[in-house]
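Hi there,

Here is the structure you asked about, ready for you to open. Have a look at it first, and then read on for what turned up.

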Amino acid sequence: MKLIKLASITKKLCVGAVGAFLLIFLPFHMGMNHCILREDGGEWYRNVCHFMGTNYVVKVFEVILLACILLHIVITLILAIENYMARPVRYAVPNKSKTGVGSKYMAWTGGILLVFLVIHFVDFYFAKTGLVEGKYVVKTEKVEAKFQEKVQQLQEGKLKEEQAAELQAQYMAIQTLPQDKVAKDRKYFVNLSKKEVATYCGKDFEDYEPDFYNMAKDKFKNPLYVLIYLLSFLILAIHLYHGVASIFQTFGLNVKKYTKAIDCLALIYAIVIPLGFAIVPIIEFFFK
Ligand code: HEM
């Protein structure tokens, strides 16, 4: 029985194409994360995140990426259900096929990665969309400009009494701003909660961005969190090992002559990428 009327091969081609796109995203994301490890108070990572959050080409890419992840999940789920339904009588003898661990447990590793992605999105991505509260960063020159604008309005008698009091409170608060709320280059206020943004920048200040640098550093101080991430990267390795090889197979590129080379490539990718991701929580937790 077919859940959606497309030949299995069409669905597999879709999963393969989408999977290949995701394989391109991972090295980019990994490289970007390595900026967290620089001892520059987050300057590089902040710049990269700012670019990612504001560039229109990246925004389009992000929409395609999220659609690909969703498509990958939905189609693989449909294929798994169809395969299951095509075999109503379970085999009495356990399957002793020679396919590797990754192939046998693709659905399981995929499911665990989905749980990881939900946790990961709640931690980071949702802070960008405003669905959850995170920590924020603001440019000091923008706060200064807004402050001066209000001082001007005050001098012109355009501010109400309570707005003037707010301005006074903001001035006082900035005088006592803790040092850990100021970036190394002093160009940013960092690690601010939404309440602190209102306190230090004014209630109507909206020019803030998520402070992914401090959010990631905070998360990787927590041993449970580090463990969840490292286990997820191990699962990612298993998923990728089979995933890369099966993309070649789906597109008919896995001819016998190249089987060994493709297997080797899949192995290298499946080790290098998860290890590259793992370096960040490992260094942050054990060496900083
Ligand atoms: C050390 C490990 C990781 C860190 C510190 C990290 C950090 C982040 C951050 C800060 C964001 C939000 C960036 C933004 O939206 O501008 C993000 C988004 C995202 N992450 Fe990760 N990530 C890690 C590992 C992973 C892994 C292993 C995957 C996939 C299996 C992944 C998939 C995604 C996706 C799909 C997004 C949303 C798309 C995007 O904004 O580019 N991340 N990650």
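In which hand, left or right, does H10 pass H11 in their crossing? The crossing is right-handed. Please keep in mind that this is a predicted model.

Let me stay with this pair for a moment. Two packed helices are described by the angle between their axes and the distance between the axes. For H10, which covers residues 223–250, and H11, the angle is about 165° and the axes lie 8 Å apart. An angle over 145 degrees counts as roughly antiparallel, so H10 and H11 are roughly antiparallel to each other. By class, their contact holds 25 nonpolar residues and one charged residue, with no polar ones.

H10 itself has 28 residues. From its first C-alpha to its last, H10 reaches 40 Å, close to the 40 Å expected at 1.5 Å a residue. Just after H10 comes Gly252, with a positive phi of about 70°.

Now to the ligand. There are 18 residues around it, and those that come nearest are Met52, Phe124, Phe212, Phe277 and Val280. Six helices each supply at least two residues of this shell: H1 (8–33), H2 (43–54), H3 (56–85), H5 (106–129), H9 (212–219) and H11 (259–287). H5 gives the most, with four residues. Sorted by class, the shell has 12 nonpolar, four polar and two charged residues.

Technical notes
Residues are numbered from 1 along each chain as its sequence is written. This is a predicted model: local features need pLDDT of at least 70, side-chain atom pairs count only at pLDDT 80 or more; totals for chains, interfaces and linings use all residues. A residue is near a molecule or strand if its C-beta atom, placed from the backbone, lies within 6 Å of it. Ala, Val, Leu, Ile, Met, Phe, Trp, Tyr, Cys and Pro count as nonpolar, Asp, Glu, Lys and Arg as charged, and the others, Gly among them, as polar. Axes are lines fitted to C-alpha atoms, for helices over the stretch in contact, and angles run from 0 to 180 degrees between N-to-C directions. Angles under 35 degrees count as roughly parallel, over 145 as roughly antiparallel, 65 to 115 as roughly perpendicular and the rest as oblique. A crossing is left-handed if the near helix is turned anticlockwise from the far one by less than a right angle, and right-handed if clockwise. The expected span of a helix is 1.5 Å times one less than its number of residues.
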